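This report walks through selected local features of a model and then turns to the overall picture. Please keep the sequence and the coordinates at hand while reading.

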Amino acid sequence: MVTWGWRRTSSPGLEGITQRDLAQTLRRVERNGMIQRTVLPTSPVGVEYSLTPLGASLREPFGRLYDWTDEHGEEIQSCRRSYDTRADAQPPGQ
C-alpha cells in the first residue's frame, strides 16, 4: 500500500521536475481543494502542504491504482518492449 507524508521540494524522488512545474501543479491541486498551503514563519520563509479531507479521500482509490500498477508492472513493461520493437511503432509523444 502507498505511504503518504511530506517532503521538501529538494528531496530525492523529485528529480526531473522543475521548480516551475512543481509550483504550477501544487497551485492547481490547491485550487481544486486537494491540498492546503501553509506559510511557515521561519527564516527563510518555508511553505508546508498538507492534504485536505477531500484530498485524503483519494488515498484509497490512488492506493488501489498504485497496487494494480505494481502488480502488473512486468506485464506493462513487456507490452512496451513488444510495441517498441514493431516496425510501425511511433515514439511516444508523436
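Predicted model: local features only at pLDDT ≥ 70, side-chain atom pairs only at ≥ 80, totals over all residues.

## The loop between the strands

P44 sits in the loop between strand 1 and strand 2, and the peptide bond that joins S43 to P44 is cis, with an omega of about -5°. As a point of reference, most peptide bonds are trans.

Y49 is a residue of strand 2 and is partly exposed, its relative accessible area being 29%. When residues up to four places away in sequence are not counted, Y49 touches L26, I35, Q36 and R37. For the pair formed by Y49 and L26, a separation of 23 residues in sequence goes with a C-alpha to C-alpha distance of 8.7 Å.

T52 lies in the loop that runs between strand 2 (46-51) and helix 2 (53-56). Is T52 buried or exposed? With a relative accessible area of 14%, T52 is buried, since that class takes in residues under 20%. The contacts of T52, again leaving aside residues up to four places away in sequence, are with G33, M34, I35 and Q36.

Helix 3 spans residues 59-85, and its 27 residues reach 36 Å from the first C-alpha to the last, which is close to the 39 Å expected at 1.5 Å a residue.

## Salt bridges

How many salt bridges does the structure hold? There are 2 salt bridges in the structure. Side chains of opposite charge can pair when their charged atoms come close.

One of the salt bridges joins the side chains of E60 and R64, with an N to O distance of 2.7 Å. Both E60 and R64 belong to helix 3, where they are 4 residues apart, or about one turn of the helix. E60 is partly exposed at a relative accessible area of 47%, whereas R64, at 55% relative accessibility, counts as exposed.

A further salt bridge is made by the side chains of D88 and R86, which meet at 3.0 Å, N to O. Here D88 is exposed, with a relative accessible area of 52%, while R86 counts as partly exposed at 41% relative accessibility.

## Overall organisation

The protein is built with 3 helices and 2 strands, and, read from the N terminus on, these elements follow the order α-β-β-α-α. Of the contacts in the protein with a separation of 6 or more, 16% are accounted for by residues 24 or more positions apart.

Buried residues make up 10% of the 94 residues in the protein, and T52, discussed above, is buried. The protein exposes about 8200 Å², of which carbon and sulfur atoms supply 54%.

Technical notes: Residues numbered from 1 in each chain as written. Heavy atoms only, no water. Expected span 1.5 Å × (residues − 1). Salt bridge = Lys/Arg side-chain N within 4 Å of Asp/Glu carboxyl O. Buried < 20%, exposed > 50% of the residue type's maximum accessible area, 1.4 Å probe, protein only. Contact = heavy atoms within 4.5 Å. Areas by Shrake-Rupley, 256 points an atom, 1.4 Å probe, with all protein chains shown as cover.
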